[in-house]
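Here's a quick tour of a two-chain model. Have a look at the structure first, and then we'll walk through some of its parts.

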Amino acid sequence: MLQKVLRSTIIDAPIERVWAVLRDFNSHDQWHDVVEQSRIEGGERSDQVGCVRSFTLKDGNHIREQLLTLSDRDYKSTYCIVEATVPLQRYVATVTLKPVTDGNRTFWHWESTFGAPPGMERELHDVVARGVYETGFENLRRHLRSGADVRRGATPMPTALPLPARRIVVPRYGDADVLVPENSEAPAPKEGEVRIRQRAIGVNFIDIYLRRGWIPQMLAAGGTPGMEAAGSVLDVGAGVNGLLPGDRVAYLGPLPGAYCSVRSVPAAWCVRLPPAVEDETAAALLLKGLTADMLLRDLGRVRAGTRLLVHAAAGGVGLLVCAWARHLGATVIGTVSNEDKARVAREYGCEHVIVTRDYRFADAVQRQCGGADVVVDGLGDAARDENFAALARCGHWISLGQATGALAPISPDWLVAKSLTFSRPVVFDFVAAPAQLAERAQRLWAALADGALKPPPIERYALDAAAQAHERLESRRSVGALVLMT
Amino acid sequence: MIKVYVSSVIDAGADTVWSRVRDFNGLPSWHPAIADSRIENNEPSDRIGCIRHFHTRDGGMIREKLLALSDYDYSCTYEILESPMGVANYVATLKLTPVTDGARCFAEWSAEFDCDEGRERELAELIGGAVFQGGFDALKRHFGRR
């Protein structure tokens, strides 16, 4: 009676990468532990249908197998044993890969039928199922994790060694000119971490607050600021699943240190980048876009007809909030400090733009729409009373930043005058679980792809010129997002 | 002919997931975009040729006919008879495949259809995103993400 063996698994790598290894009929001695040495007979190519691989196993057995079919379209190959020192008779096997589109992984199905001498059915079934297929799954995983497939022919990159890097430090708190670049080392990734070759780093207002020493518990003097970056994975620490060397990723995290060229961060902070999203777009967008998602979806509950007031409407977060809110059908009112910014804000979907240099806007908001249902406030104390006056009954005040200084305490008795609610969110709490982060990032990439979100203009600076980037952001002259390039 | 293909991994065995999605009249119980469903003419929901008549949460009415159902292959194929989406010759298949190393399964949902020129991308994104991936996301949530 013919034996049938079927085994399947999920490999945490894109199908193209898995297929590149498996379609090579002669690659198995590089990744499968049981194979000692393999060659293709007659000098034929290993993707030539009909070619024969002749190989020895570590246990001394010798097998010749012929490639019967190979399809790059179906990611499928079929082969059979033509001669073997093991008693597998009429052995025909098929390898099939399918893409897991949700997560860019690969489903791998491996099956075969064969005859076995009486009494040996069970033993041979186990040899094929466990010794060849299940072991093969594990061995290929290890092969890909080590990056052996991508650096074939190249000098292996030293892993688990510190790598030279460049970083920006804040030797003492102060103005932008305290930022200095220096040479450093990026240590190997620890358990649960990935080491990333960073290409683009996002600049955010929180970086400035850290540099000024406003949040000393987050950044001590001598530390490196920066909350987000994008690049590619160099190597991964123990216990990391789902990310491999070469994968393009972006991250944001609650601990600063992103202003550098190479950095190890927890894998849980990372999201994969879709091919259509450039590193600099990701660095410009991740933290700000997820902030916009949190503001509009969770806190503002913005929908068609919501009257939304956005301060710094031409800033990195402001433009994203304007564009997304408009797409959701909200009435968007923005404040900016000059006419140039007003033009950009309008372009991104801000319907009513108020140009003000002294934080006077409440009358204009009340005239325009009878008060705001939601205020996104990055201004802080100087706009405190105006924000209160601009809010409609039952409005929601979201204090996102304090560009003009720390907000004086808000009394509940003050809020009750209009039944207002007040929130003071930090985006990191909204992406603390990897599943939350993945879901929000997915929404962000989808919004970019379908045009609901227009990427903001990007101003680029070299990593070493971080001080200039900070000066520019503090000057209130910049429009859109600032990014450091390495 | 437009083709849409979406696949995912659900953290439960194929038998378990199949028992949740097999009922051709059961979309409202697991798919977040579907509000209600009934089978026309009181036919059993696993009778090939039966028609499910349902509404999406945004109010759209859709009629779909069961073309094939296999408990052996964990697969179900159906066509759209009537919908507000503006698709023609729409045939879709939902299929589960066991993953032998662990209690999880590989889920595929694919469709082929025709539509007016210029609407291909919008429809492919709607069907692949809100409908197929939306359904998989709900299953993943239901069966717990690890």
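In helix α7 (residues 339-347) of chain A, the buried residues are K341(A), V344(A) and A345(A). Buried here is a matter of counting: 20 or more other C-beta atoms, placed from the backbone, within 10 Å of the residue's own. Looking down the axis of α7(A), those residues fall within an arc of 100°, so they line one face of the helix; the arc is taken over the directions from the helix axis to the C-beta atoms. The cover over them includes α6 (316-327), β16 (331-336) and β17 (352-355) of chain A. After α7(A) comes G349(A), with a positive phi near 110°.

A word on the ground rules: this is a predicted model, where local features need pLDDT of at least 70 and side-chain atom pairs count only at pLDDT 80 or more, while totals for chains, interfaces and linings use all residues. Residues are numbered from 1 along each chain as its sequence is written, with chains lettered from A and ligands numbered from 1 in the order in which they are written.

Helices and strands are DSSP runs numbered from the N terminus (helices H or I, at least four residues; strands E, at least two). Contact means that the C-beta atoms of two residues, placed from the backbone, lie within 7 Å. With that in hand, here are the two chains:

| B | three helices, seven strands | 29% of 146 residues | 47% |

Along its sequence, chain B reads β-α-α-β-β-β-β-β-β-α.

β1(A) and the antiparallel β7 (residues 105-115) of chain A are joined by nine bridges, and V5(A) sits opposite S112(A) of β7(A).

Angles run from 0 to 180 degrees between N-to-C directions, and axes are lines fitted to C-alpha atoms, for helices over the stretch in contact.

Elsewhere in chain A, helices α5 (residues 279-299) and α11 (residues 434-449) pack at about 100°, their axes 10 Å apart. They are therefore roughly perpendicular to each other, a label that covers 65 to 115 degrees. L285(A), G289(A), L290(A) and D293(A) of α5(A) meet R440(A), A441(A), R443(A) and L444(A) of α11(A).

And the interface? There, 15 residues of chain B contact 16 residues of chain A. On the chain B side, β1 (2-10), β6 (87-99) and α3 (120-142) each give two or more residues, with the largest share, five residues, coming from β1(B).

Notes. Two strands pair if DSSP finds at least two bridges between them. Angles under 35 degrees count as roughly parallel, over 145 as roughly antiparallel, 65 to 115 as roughly perpendicular and the rest as oblique. A residue is buried if 20 or more other C-beta atoms lie within 10 Å of its own, exposed if 12 or fewer, and partly exposed in between; C-beta atoms are placed from the backbone.
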